[in-house]
Amino acid sequence: MTQTTSSTAQSEALFARARAVTPGGVNSPVRAFKSVGGTPRFIREAHGAYLTDVDGARYIDYIGSWGPMILGHDHPAVREAISDALQYGTSFGAPGEREVELAELVTRLTGTQKVRFTSSGTEATMSALRLARGFTNQGGTGRKLIVKFRGNYHGHADGLLVEAGSGLMTNLDGALGASAPSSAGVPEEYAALTLVCEYNDPAALDTLMAERGAEVAAVIFEPVVGNAGVLIPTPEFLAALHRVQEAGALLIADEVMTGFRLSLNGATGLLGLRPDLTCWGKIIGGGLPVGAYGGRADVMDFVSPQGPVYQAGTLSGNPLAMAAGLATLRTLEADPGLYERLEAYTVRLADGLKEAAAEADVPISVNRIGSMLTPFFQDAPHGSVRNYTQASRSDTQGFGRWFQGLLSRGIYWAPSQFESIFVSASHTSAELAATLEAARAAFAALNS
Ligand code: PLP
């Protein structure tokens, strides 16, 4: 069970040391707790559904390392696979058998034809876009533009760190394509090659494609959004996405978060998608650094050394990472009831949160699919938040206080309103009961 301690002295001391030598004291921004306040907990160890911090406090974990740990932390099959691989060396810089095995497994599970491994999700999406441009520009068609959706996150490559201009798709005259970079250091010239559209707005996408479709190399999307909080696509939006293929653009499903999470074939399997290319990360590496992109053989054969689109990686196909990915995917495949169990837990969690919030008179709007869930702190019907604009109406301060209330009661929720939480196979009814009890108290505390 959870074991809370009021002291955060060790985390504070480490955070101070970290800030002196690392920007913001963390190696990935959201870990710094900036949007919820307080001291980020420095984690000492993780087993099953639990994290233990350096002050000895134990938490039920709903982040799962931001998605990869679908089996829970320190799963015996994954640990054994890594230890076994370790006996034979940690990196070869030459091909090995495990890369072939994982590629065979991934292509079989996902119905794709060829796959290339990278070391992160960012590399996967970045490489898929270069490939899409290389492929669609054969003979100099001039296809250079990428379309992405507001509030979708595809890693931190320059062309993907592009903010949606809020009126972009409703005011097409002149503004189209004038997306602003969402990070310093991204040249406007790069950002101008990325057009941004509102998620779940099929008419806007159709209009954009009618105007600029001949210049579009690819449309990249999160098939279920996790990075604006959970947003679920409508069938009409999915149909519009598939229409871009008729216009000669490639459809790229970014399944870095949803791949092997929503089903063995990710959101693609669950929602019946037909992307040309798919990107993976997180679960595919079982907690070690792996990303991948794959899809149609005729497109993938454009990648070097077979084709003219260059992409490489010193640690790509790393034997330890391949071993962790293989063990994770094989364990998922061997347990046919696993996705139903994850969903059943998450449904009960969602229902419990709705009930607890209503009792405390705190308005929330819950979006849930499979084992992904976000309670948006706003007064809207459950399931009705469909895009970034709606999501951003949430009371982030209220969420932050609720997050702190959970943390102090031993529940480690995602430290931002605009994230999904992830349930793992290690979460049982005992963790569910403890979570709902803490959630009830944290909601009640908001209005007291
Ligand atoms: N794409 C999606 C949908 C993601 O959620 C993420 C990371 O959260 C990425 C890409 C980037 O992956 P990575 O952090 O491994 O570079």
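Here is a short chat about a few parts of this predicted model.

The model is predicted, so local features need pLDDT of at least 70 and side-chain atom pairs count only at pLDDT 80 or more, while totals for chains, interfaces and linings use all residues. Residue numbers start from 1 along each chain as its sequence is written.

Reader: Which residues of α7 are buried?
Author: Buried means 20 or more other C-beta atoms within 10 Å of the residue's own, exposed means 12 or fewer, and partly exposed is in between, with C-beta atoms placed from the backbone. On the face turned away from the buried side sit the exposed Pro235, Glu236, Ala239 and Glu246. The buried ones are Phe237, Ala240, Leu241 and Val244.

Reader: Why do the buried residues of α7 line one face of the helix?
Author: An α-helix has 3.6 residues a turn, so residues three or four places apart point the same way. The arc is taken from the directions from the helix axis to the C-beta atoms. Down the axis of α7, the buried residues line one face because they fall within an arc of 100 degrees.

Reader: What do the buried residues of α7 pack against?
Author: Contact means C-beta atoms, placed from the backbone, within 7 Å. By that rule the partners are α6 (202-212), β9 (216-221) and β10 (250-254).

Reader: Which residue in β2 is the bridge partner of isoleucine 43?
Author: Two strands pair if DSSP finds at least two bridges between them. β1 (43-47) and β2 (50-53) pair antiparallel over four bridges. Glutamate 45 stands opposite threonine 52, and the partner of isoleucine 43 is aspartate 53.

Reader: Which helix gives the most to the shell around the ligand?
Author: A residue counts as near if its C-beta atom, placed from the backbone, lies within 6 Å of the molecule. The ligand has 16 residues around it, and the closest are Ser120, Gly121, Thr122, Gly155 and Val256. With three residues, the top helix is α4 (121-136).

Reader: How far is glycine 410 from tyrosine 59 in space, C-alpha to C-alpha?
Author: Glycine 410 lies in the loop between α13 (396-408) and β15 (411-412). Glycine 410 and tyrosine 59 are 351 residues apart in sequence, yet their spacing in space is 4.5 Å.

Note on methods. Helix = DSSP H or I, 4+ residues; strand = E, 2+ residues; numbered from the N terminus. Contact = placed C-beta atoms within 7 Å.
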